[in-house]
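User: I have a multi-chain model open and want to learn how to read its interfaces. Can you take me through them one feature at a time?

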Number of protein chains: 6
Amino acid sequence: MKTHYINENLPYTGEALAPHWIYKNFGILGDAVAAFQGPCDVSIERMVDLEDVLNSDCIYSEKMLHFIIEIFNMDLREGVIMQRHFSSILQHRLNDVLEGHVIERRGDDLFFQQTKKLSVSICTKSVTSILIHTGLNVESANAPVEAAGLTSDLGLSNEQIVSLARSCMRSLVDEWKDIKLATCKVRPVF
Amino acid sequence: MKTHYINENLPYTGEALAPHWIYKNFGILGDAVAAFQGPCDVSIERMVDLEDVLNSDCIYSEKMLHFIIEIFNMDLREGVIMQRHFSSILQHRLNDVLEGHVIERRGDDLFFQQTKKLSVSICTKSVTSILIHTGLNVESANAPVEAAGLTSDLGLSNEQIVSLARSCMRSLVDEWKDIKLATCKVRPVF
Amino acid sequence: MKTHYINENLPYTGEALAPHWIYKNFGILGDAVAAFQGPCDVSIERMVDLEDVLNSDCIYSEKMLHFIIEIFNMDLREGVIMQRHFSSILQHRLNDVLEGHVIERRGDDLFFQQTKKLSVSICTKSVTSILIHTGLNVESANAPVEAAGLTSDLGLSNEQIVSLARSCMRSLVDEWKDIKLATCKVRPVF
Amino acid sequence: MKTHYINENLPYTGEALAPHWIYKNFGILGDAVAAFQGPCDVSIERMVDLEDVLNSDCIYSEKMLHFIIEIFNMDLREGVIMQRHFSSILQHRLNDVLEGHVIERRGDDLFFQQTKKLSVSICTKSVTSILIHTGLNVESANAPVEAAGLTSDLGLSNEQIVSLARSCMRSLVDEWKDIKLATCKVRPVF
Amino acid sequence: MKTHYINENLPYTGEALAPHWIYKNFGILGDAVAAFQGPCDVSIERMVDLEDVLNSDCIYSEKMLHFIIEIFNMDLREGVIMQRHFSSILQHRLNDVLEGHVIERRGDDLFFQQTKKLSVSICTKSVTSILIHTGLNVESANAPVEAAGLTSDLGLSNEQIVSLARSCMRSLVDEWKDIKLATCKVRPVF
Amino acid sequence: MKTHYINENLPYTGEALAPHWIYKNFGILGDAVAAFQGPCDVSIERMVDLEDVLNSDCIYSEKMLHFIIEIFNMDLREGVIMQRHFSSILQHRLNDVLEGHVIERRGDDLFFQQTKKLSVSICTKSVTSILIHTGLNVESANAPVEAAGLTSDLGLSNEQIVSLARSCMRSLVDEWKDIKLATCKVRPVF
């Protein structure tokens, strides 16, 4: 798995949640995770969470830190577990940065001060891969629900956000490598 | 997935890391997680982590809180991701109880004060299921490595440990149910 | 797996054989089976059985009892076996109701009096699920092949048809639950 | 899939429920179903249904018609669905022979006159295949539960039993071939 | 797996690399390999190798011997291994015909005299199958890269090319059958 | 995938065809291929090809070049295709070295001068991996069938054999890496 931090403001519209988006745009072939910052505005046609569609939920943020993960040759359920696990990695790293136990995870969502939603996340399937989008609000203004933002509410500087993005991607890569090796060293049981 | 807290001191020798151990001993059929407290002493013949065997590592604790998880119809890699994710659940619940960001996770291991190992964990495969054992030291005395214990070092009472076990099992069950539903509500992408 | 009997006349055009059709229309999330009555008229563009397309077969009935089944995280071959098995469930329930051994199954088709076709059925795949449509003629008039109908030929009242639909859905749900448990209680063999 | 009727009295002890038993004993390579008659007496060590083991159930019959099915490269859940479906095939063929709707199926079990158990059945996994044993009582005397036998209760001659065995095996082979082809001719849905 | 040699000039545009193309056009149901000769000109919209798309590579030949292979119920990685293996079969058969060790394989590509590209090949996935296209230049004139052709450079007559096509398809079919049987006759190891 | 050439005479008895043999003996974790030279004598109890067992075939050679391959998280059928493909790699490398088209492959076997068997090969499954053994006779004396040896019949020096082993292992590693990347760069087809 390779990582790529995209150093430019890039709006997230749902288009990036597509097979080979990282490969086509950044030339990175194979399992990969990319991160970037930018506004988030997903139209109903691009929403992949049908629960949101049924509820006419709105996915909107003025500025988010986005992660796009693509893993090939994986089924959806395993992808969903990876998605939850990546949310844990984000939670943990944020608590490290904030030097406290202040971020909670409920399913694939992160919260600050119990009720302020920090993140959106989804995992879906293409014919040859699973794709994950996780976004953390940077600014919480004008969010459609009670929200927290990395800068507006947690007080992180842009430098800290970039560093957070890089270290979370690095953790994911290390953990993915470690997970694959862990399957190669155990005696089965009978 | 069902849960079972076993209210008696039960030594963990590695025998419990076997297919249908929960079903045969407690009559709980299907995916399940069980927890109990007791000493931990796994002989080299019962070790399933071949890295430990190659290193002649010793798996020993005077008292641990043990979790045994069995999930059927799952491949090993997906099981390993679940194992890591369960370690995250334990980490975050402990930080909740301790009201601070004091437990770290590295892979499937939890640490207190950077270097004091709190846990052992393994995930392996039977022909029809995956099996996970995760143990948290209750007492750290006489551990073969620098260790921390829930009672000896973190100061948890037995009541708190039982409560921790129950809530972590409950979180796992909720999350497993949620993960399965999450696979049923997403539009694929092309 | 959940069941839903739709209490209104609903034409079957092939549109219902789509991922999340039950979820989007009736809010039922996860594995599910729905039943309804209505005419059946599938245009060539919506036919999923390419053998029918190649033969320019016509899928038409003035009134049918329709079943739509969606099971997630299942491959096509397993779905086809479930489809055949559901045809068996229908066959046997009909024989129960008719108090005789009068319905035959050949593959996924049911016949009355050897040659009168009672059913149409297909199983196909979406990216995240398998989908089954099975329809039983209620009226056989104007069918494109020699046909039998639950009311026109077998003499069932509408009440009996609704009751048949409900009990067959219930049987499927019970059997699906039982099948999953059956995978959790067997010793492998070597 | 190939079929083999073994023309000699052969006791079933559970030993035949093993990978490659048909290949090793009859030289038939690949997916196969074999049938034979003989007493049934499975010791507790050979029982693969752990529910029977936990209940200390006894699997005994003075004479049974046995079927052993092995299908390679199949997972357990799909094997269990096939097992249920084979029970349906047996039920249907028996009702044909008996010219009435007199045999019921509940899960993998067949019953005569509601309560008289006609069959035992199990599906399990080896590392490379699934294995099914289904046995129909020929004689019901001394059975451990209320039972029916093909000869003692249903009045079938030995010739009829052999013919039943052959036609059920043939049906299974035809259906298996048909199931595989059915996966090759459907347009997926989106 | 069935084979079909199409005795007419047929341009390859990428359209044939589609699920059920062989079934829809030639009525051959199930795993199959078809071969034909004709020009090759794949527009950028039909290219499935995204590396070619990114590089704006051109897939063009005045005349090629084309093979289309479809195998159902197979994942992409296994399909790619089959594709490589089919390239080996082609290489081997060509060396037989040319009575020398003159064709080299590098990945899925065949070369003559180290640098002259003889082939193009791709393996991709549909929802229910894997699809392989492998084309061998018959004429090398006007190729976009340094190329060799079966007739223009290797001196094969049309009769030899047809014979090559038939024998390579036959080898693939035999090997596929043999591979499946090989999975049914091995003791697992522990 | 990693490679290891073992620089000492090591008899092959079948014991090496076991999960984690490379890891336990040489500390190489994960997918791997190892090669060594030594006599080959597999007792009937260790034979995994049941066809050989049924035929009471003898697997014996005074000196062979052995390859042991282990790939984790792979099913048996895919492993068998890899095994065949590795035989192709050996065949072509030998033809390179011998500067002629003198080695033939039939299934997983290599032949010299049509009838002289150069190799033995098997692919089997453990619970967590597939395992391949392929051996090439170095000396053909006292072989149980008409045989050829790399030194005795093909005239290769020990240096050439070691070089052949290393380059074939390297080819396998490169190809395996290339195969995995090939699954990450194709557009699916519909």
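User: Start with chain B and chain E. How far apart are their closest C-alpha atoms?

Analyst: This is a predicted model, so read every value as computed from it. The closest C-alpha atoms of chain B and chain E lie 11 Å apart, and no contact joins the two chains. Chain A and chain D read the same way: no contact, with the closest C-alpha atoms 11 Å apart.

User: Now a pair that does touch. How many residues do chain A and chain B bring to their contact?

Analyst: Chain A gives 50 residues and chain B gives 52 residues. Then look at area. The size of an interface is often stated as the accessible area lost when the parts come together. Here chain A and chain B bury about 4,200 Å² between them. Carbon and sulfur atoms account for 57% of that area.

User: What does the interface of chain D and chain E look like in those terms?

Analyst: About 1,400 Å² is buried between chain D and chain E, with 73% of it from carbon and sulfur atoms. On the side of chain D, the residues losing the most area to chain E are Leu29(D), Thr183(D) and Cys184(D). Together they make up 33% of what that side buries. By residue count, 16 residues of chain D are in contact with 16 residues of chain E.

User: Next, charge. How many salt bridges cross each of these two interfaces?

Analyst: Side chains of opposite charge can pair when their charged atoms come close. Across the interface of chain A and chain B there are 10 salt bridges. Across the interface of chain D and chain E there are zero. Over all chains, the structure holds 48 salt bridges.

User: Which residue of chain A pairs with Glu78(B), and where do the two sit?

Analyst: Arg77(A) is the partner, and the closest N and O atoms are 2.7 Å apart. The pair runs between chains, from helix α3 of chain B to helix α3 of chain A. Another salt bridge joins Arg105(A) and Glu175(B), where the closest N and O atoms are 2.6 Å apart.

User: Then to the helices themselves. At what angle do α3(A) and α3(B) pack?

Analyst: Read the angle together with the distance between axes. Helix α3 of chain A and helix α3 of chain B, residues 76-98 in each, pack at about 30° with their axes 10 Å apart. That angle makes α3(A) roughly parallel to α3(B). Their crossing is left-handed.

User: Which residues of α3(A) meet α3(B), and of what kinds are the residues in this contact?

Analyst: From α3(A), the residues include Arg77(A), Glu78(A), Ile81(A) and Met82(A). From α3(B), they include Arg77(B), Glu78(B), Ile81(B) and Met82(B). The residues of this contact divide into four nonpolar, eight polar and six charged.

User: How do α3(C) and α3(D) cross?

Analyst: Their axes come within 10 Å and cross at roughly 30°. The two helices are therefore roughly parallel to each other. The crossing is left-handed. Among the residues that meet are His85(C), Ser88(C), Gln91(C) and His92(C) in α3(C), and His85(D), Ser88(D), Gln91(D) and His92(D) in α3(D). The residues of this contact divide into four nonpolar, eight polar and six charged.

User: Finish with a single residue. Where does Glu104(F) lie, and what does it touch?

Analyst: Glu104(F) lies in strand β4 (residues 103-106) of chain F. Leaving aside residues up to four places away in sequence, Glu104(F) touches His92(E), Gln91(F), Asp109(F), Leu110(F), Phe111(F) and Gln114(F). For Gln91(F), compare sequence with space: Glu104(F) and Gln91(F) are 13 residues apart in sequence and 6.9 Å apart in space, C-alpha to C-alpha.

Methods. Residues are numbered from 1 along each chain as its sequence is written. Chains are lettered from A and ligands numbered from 1 in the order in which they are written. This is a predicted model: local features need pLDDT of at least 70, side-chain atom pairs count only at pLDDT 80 or more; totals for chains, interfaces and linings use all residues. Side-chain values use heavy atoms; hydrogens and water are left out. Axes are lines fitted to C-alpha atoms, for helices over the stretch in contact, and angles run from 0 to 180 degrees between N-to-C directions. Helices (H or I, at least four residues) and strands (E, at least two) are DSSP runs, numbered from the N terminus. Angles under 35 degrees count as roughly parallel, over 145 as roughly antiparallel, 65 to 115 as roughly perpendicular and the rest as oblique. A crossing is left-handed if the near helix is turned anticlockwise from the far one by less than a right angle, and right-handed if clockwise. Contact means heavy atoms within 4.5 Å. Ala, Val, Leu, Ile, Met, Phe, Trp, Tyr, Cys and Pro count as nonpolar, Asp, Glu, Lys and Arg as charged, and the others, Gly among them, as polar. Buried area is the accessible area (1.4 Å probe) that two parts lose on being put together, summed over both. A salt bridge is a side-chain nitrogen of Lys or Arg within 4 Å of a carboxyl oxygen of Asp or Glu.
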